[in-house]
Amino acid sequence: MVTADSFRFLRARSLVLGLFGFGLFFGLLLDVLEAVRVLPLQPDDPILAPALYTLTFVSLCGWIVRRCRSRRLRLRYLMGTLPSGYPWRHLLGLMAAVFIFSLAAFQLSYYGLSWIMPSLVESTLQKPLLLSAADTAAPGLYNGLTLFSVLLVAPVTEEFLFRGILLHRWGSKWGIGPAVVLTSVLFGLLHMNLVGLFVFGLVLALLYLHSRTLWVPILAHALNNAIASSLELATSPTRTTVAMTTLEEFRAGWWLALLLLLLSAPWVGRYIYRSWPRQHTQLPYFANRQQREG
């Protein structure tokens, strides 16, 4: 029988080891294929980054699914089903506010960091989403893989790992509230935007708890990435066609970031406060199983 302890076999350190293990394996595999000229690329070609990300995260999720099935955990209870009549307009408004908050938080945090580590911030600003032939041997393949990983692989695999697996693992161990916070902190740390992506993670976790389907945070995550990608493409399509943002130009926008943060924070904060899990809140897997099996 599947109980609250059923997710405890998926220890966080096992997931970390699995992540590093798959990353190391595919990294070495790509190096070998490049060395024997199966892949006509230079060792430092940027195309290896989205390829490695996709291979690593898809494989890690596949390994976790296999382990869950061996423990008789049913994926359909974890994923849930999209409810009919879901308030998509409210979701769009919420995600717009969260995106503005996250963008403003990034701007302000990196504004402060620019005075301490200016070279790091400047190098971050000089990394366009899409590349040209001057940057990679296969710009079309690189750009396709990058958009594929950003718009599809990242929303599906990251939501499965953070909101699906880790939320249930830590929620079963420490309670739902602490699990929502811990998974969001980890999510923010791994994305180098602690405040903005921490709040983003909180909202996605609460969306999952209330909708009881992982498809809602997956779609919200994909929408966020699509907006971010479109904004970056509109302002800096390639390294060769548009001058990149300078450190001085970046710093000059601090007041606008502060204004956007103050405008979006009440909306986002209100949603988090009203949606915070109550004492009777169940983890989605067990709520879905109870509904299906009675």
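Reader: What pattern does the protein chain follow when read along the sequence?

Author: In this predicted model, the protein chain reads α-α-α-α-α-α-α-α-α-α-α-α. Helices (H or I, at least four residues) and strands (E, at least two) are DSSP runs, numbered from the N terminus. The protein chain has 12 helices and zero strands. Residues are numbered from 1 along each chain as its sequence is written. Local features need pLDDT of at least 70 and side-chain atom pairs count only at pLDDT 80 or more, while totals for chains, interfaces and linings use all residues; side-chain values use heavy atoms, with hydrogens and water left out.

Reader: What radius of gyration does the protein chain have, and what would a compact globule have?

Author: The radius of gyration is taken over C-alpha atoms, and the globule rule is 2.2 Å times the number of residues to the power 0.38. For 294 residues the rule gives a value near 19 Å, and the 20 Å of the protein chain agrees with it. Along the principal axes, the C-alpha atoms fill a box of roughly 60 × 55 × 35 Å.

Reader: How many of the 294 residues count as buried, as a percentage?

Author: Buried means under 20% relative accessible area, exposed over 50%, and partly exposed in between (1.4 Å probe, protein chains only). By this rule, 45% of the 294 residues are buried. The accessible surface of the protein chain, from the Shrake-Rupley method with a 1.4 Å probe, is about 15,600 Å², and carbon and sulfur atoms account for 67% of that surface.

Reader: Among contacts between residues at least 6 apart in sequence, what percentage join residues at least 24 apart?

Author: Contact means heavy atoms within 4.5 Å. Of the contacts between residues at least 6 apart, 82% join residues at least 24 apart.

Reader: How far apart are the mean positions of the positive and negative charges?

Author: Lys and Arg count as positive and Asp and Glu as negative, without His and the chain ends; each charge is placed at NZ of Lys, CZ of Arg, CG of Asp or CD of Glu. The 24 positive and 13 negative charges have mean positions 21 Å apart.

Reader: Which residues of α2 are buried, and what covers them?

Author: An α-helix has 3.6 residues a turn, so residues three or four places apart point the same way. In α2 the buried residues are L48, P50, A51, T54, T56, F57, L60, C61, I64, V65 and C68. Their cover includes α1 (12-35) and α6 (139-174). The expected span of a helix is 1.5 Å times one less than its number of residues. Helix α2 (residues 48-70), with 23 residues, reaches 33 Å from its first C-alpha to its last, close to the expected 33 Å.

Reader: Are A97 and S275 buried or exposed?

Author: A97, in helix α4 (residues 88-114), is buried at 4% relative accessibility. Not counting residues up to four places away, A97 touches S264, W267 and V268. S275, in helix α11 (residues 254-275), is buried at 8%. Leaving aside neighbours within four places, S275 is in contact with L206 and H210.
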